Structure formats: structure tokens, C-alpha cells
Amino acid sequence: MTCIISAAFSCTDGFEEMNKDPNGAEVATPSQLLTNAQYNMATNIADEWNGARFGMYYAQYWSATYYAEESRYQIRESSNQNMWDGFYADVLSQLKQAQRLEQEAKKPGFENRIAISEIIKAYAYHFLSDIYGGPIPYKEALDPGDVTPQYDTGEAVYAGLLNTLEAQVKVLDVSKPGYASGEIIYHGDVALWKKFANSLRLRIALRMADVKTAEATTAIKSALDPANGGIIATQEESALFNWLPATPNNNPINESFKNRVDFSMSKTFIDYLKLYSDPRLPVFALPLINSNNFVGEVYGLENGNGSSNGNRTLVSLPSTYATGAQAPTVWMDLAEVKFIQAEILARGLNVGLKGTAEQYYKEGITASMRFAGVMDGPINDYLKKVPYQPAKWKDCIGSQKWIAMYTQGMQAWLERLRLDFKDPYTGKAIFTAPADGSLDDDVTEVPTRMSYPLTEASLNGAHYRTALDKIGGTNTKSAKNWWDKY
């Protein structure tokens, strides 16, 4: 896939910072630290371990071709530890160091650059809290003098994130410079960082709307206030991490497919796309060899029990839409923001948003289709097959948002948990339990959180145990996130 963000932005601008070691003898610059933090964030949510064996499995976009343990919810503890460390050490700590250097130098625009780093920190904490079920080290997490930080509750983390994002939107000043180099997402465009921050506020607020409706409504109203800079409103404003054609800066999933084929398209996803003749199907997946047919692999098969081993005469594999060297890692895009607006109106939240839920629902589908390169004719035909139904808004918005979030496995899994959607037209379940059963005694259908890394019990035992008390007492993947009310 080629770079999808506007041609006004260079897809290589700032990447030279990636290949400079911020921990080497050369004194790191804020731009180098930011580049590495953005790169590490994109890798941590989109690589073959966290992005695929966790996110893409739990969202049931992909199935396993060889080793099915993760699709049956038996995790590799080393991968879990690496994900945890990746957020804290490789993203958050580098951003804090970049902020410190900016504060010390106080060069023109340093306030903007500190705010941009703070927004990315909020984005990383948002992932951490939701992935691990709520409580995480947050307020004390980045204090180098405190090796045993306390865990803040999920509610406290969310309140902190919303306050932080609101504050940074006010700090960002479009009359002052941002980053001149090294910033990969928006290339230093301060106005676009305002829009991303406001859009992220919408996602976070809506995720807690079932539990803290009043607080969510207040945050949404503020984020939508035009005086605060707006939200993502065009495809060119989507937050994408664009990769380069060659190692080491190609999409990490692309690199994993060079060695072997561990992932096929899931029967769950393929069958649902086929049910309504979705024109994105041939964009997302490869047909069987010498065929125009698409076949998904049964989800959660035991190793060797009918698995395809990646044989394209038996099963469809992911296309370059997800596995291409330059396939972007989506941080947040137009389609998601449109579906968020649809849900705000479907819920009847009084936030001053004009339009109708149906309008934004259709715009969300259209944005996803156009991002995938689908032409207007097939889009219009498809919209007739999946009409919006107000009485089944969770099913309509949830199922279409799930399709549109393909490649964003972690966030799609979280939306699956939050909305509990089914097919709005047949009433049938979309997702299945692993065909050969779960390998986690506590989980049957799908994990509702990731377990904390085991090292937390030994290295931060007292605060770890307090965190467990807040989620039911045990480090189980079946504990519900605090916002997962239904």
C-alpha cells in the first residue's frame, strides 16, 4: 500500500531521526527521542506479537496457520512483558526525556513540542489502561526515583487523560512552531495535533459513557467545541504512521511475512464480509490460488487440527493492505471519528453535535471504503444492504466500526467488548469461541483484559496486589474493564 496521508506531507520527512540511537554516545535531541517514541509506539501496537497474535486474534480478523496457542488465549509471558516494557520504557520514558530537554532549552515553540509529547503519552496510557483492565502505574510511573510506583484506578487514569488532553489543546499555539523534523505522524503541524487530541478525547469519553455519562458528555462537548481546534474531519487529517519500503523501517508485519506465514484471514471476518458482498473483501484479503473465492480459516483450531499451514489453495491470506511494507499503522482515522459521532447522536448525548446518527454512520462506512480504494458506485450499493437501524444502533455501528478498524486489532477488540454487537439484520452472533476450546480456564469466548506481567508480582508486589483487589482479586484475563458495563 502506498502512503495514504495527503501528498502535502512527505512520507519520508523525519525518518532520518529513526536510525540515530538516542542511547548512544551522541547527545540525543528532542526530535530524535520523539521519532523513536513514535516508532516504538507504532511497533508496539502493530507487530506480529502484540498487533497480530494478540490484537488481530482477539478481534477475530486473523486465525493461526501453525501455532494456535495465542488464538486460544494461552499467552507467551515474554511477549506480554515486552509489550508492557515497550509502552513504559520505549515510548513514555523517551517522551518524558524529550520534554525535559525542550524545557531546558526553551527554543521557540518548545511549549508546542512539549504538548505534542504529552498528547502521545496520553495515547500510550490509554492503550495500557484498557489493555490491562484499568489499573496501571500512571501518576508515579515515570519517576526514576520510584521503582515501585502505585497503580491508579482505571477511572483515575481516564480522568487524568481527559484533563491532560484538554490542557494540551489549550497549550498548542498554531502561531508558534512545532517540530521542524523527526515528527512522523503530522510532521510538526500544530493544528493537526489539536484535532488528534480532540478526537482522542472523543474516543476516551465515549468508551466510559455507559458508566460515567455526565463526565463523558462534558468531555465530548468540550472536544467538539470549534474554539478548541476541531476534530479529524478529512482523510488527510487521519493520524497514520507511514512506514518505508525497506528494513528496518518497513511495517513490522511485512517483515514477519518474509520469513513464514503464521496468519491467515479468519473465517469469522471473511464470512461476515461475504454476507453483505462487502467490496472491501478483495482489498483486505487474497483469494485462493487460481480462484476468485475467499475462504477464512476456522478460528482457534488446535495445532495440526485442520490448520491450513498457510496454503493458499485452502485459505485466504491477508493482502498487502495489512502486510505491505508501507501499509500504515493507524493511530486514529476519519472512519473511526465518524462512527464516534454516529454513536454520540445515537445515545442522545446533548453536546451540540449537528446531523443524524444515520448520516455519520454512512459517512463512517464511506470513509473506510475510500481509504481502501473502493469507488462510489460499490459504496452506494453496499450502503443499501446495511441500512442504519436506530433501535439496533449498537449492532449497526459496532459491526461496521469493526470492519472499518481492520488492522487496528487492539482497539477493535476493545470495541467488541464495549459494544457487544451482533449482526443487526439476522440477530446472529458474529464472533465465535475458539473452535477447539480456550486454553485459559477462566476464559471461554474472549479475554476481557490482558493479565499483568508476572514480574510485577515480584518487583512491585504491594501495589500489584492492591491493583488486583480493584479488578476482583486475581490476575485473570476474565476480569472486566471498569467501563465494560454490559
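This report describes the cavities of a predicted model.

## Basis

The model is predicted: local features need pLDDT of at least 70, side-chain atom pairs count only at pLDDT 80 or more, and totals for chains, interfaces and linings use all residues. Residues are numbered from 1 along each chain as its sequence is written, and side-chain values use heavy atoms, with hydrogens and water left out.

## Cavities

The structure holds five cavities of 30 Å³ or more. A cavity is a set of points, on a 1 Å grid over the protein atoms alone, where a 1.4 Å probe fits but cannot get out; lining residues have an atom within 4 Å of a point. Points are joined across faces, edges and corners, and a volume is the space filled by probe spheres set on them.

## The largest cavity

The largest cavity has a volume of about 230 Å³. Its lining has 22 residues, and Ile 45, Ala 46, Thr 329, Thr 407 and Gln 408 lie nearest its centre.

Elements that each supply at least two lining residues include helix 1 (30-46), helix 4 (110-131) and strand 6 (329-332). Helices (H or I, at least four residues) and strands (E, at least two) are DSSP runs numbered from the N terminus. The lining has 15 nonpolar, seven polar and no charged residues. Ala, Val, Leu, Ile, Met, Phe, Trp, Tyr, Cys and Pro count as nonpolar, Asp, Glu, Lys and Arg as charged, and the others, Gly among them, as polar.

## The second largest cavity

The second largest cavity has a volume of about 120 Å³. Among the residues that line it are Trp 49, Arg 53, Glu 70, Arg 76 and Met 450. Helix 2 gives the largest share of this lining, five residues. By class, the lining divides into six nonpolar, three polar and three charged residues.

Note on methods:
On a 1 Å grid over the protein atoms alone, a cavity is a set of points where a 1.4 Å probe fits but cannot get out, and a pocket is an open set with protein on both sides within 12 Å along at least five of seven lines; lining residues have an atom within 4 Å of a point.
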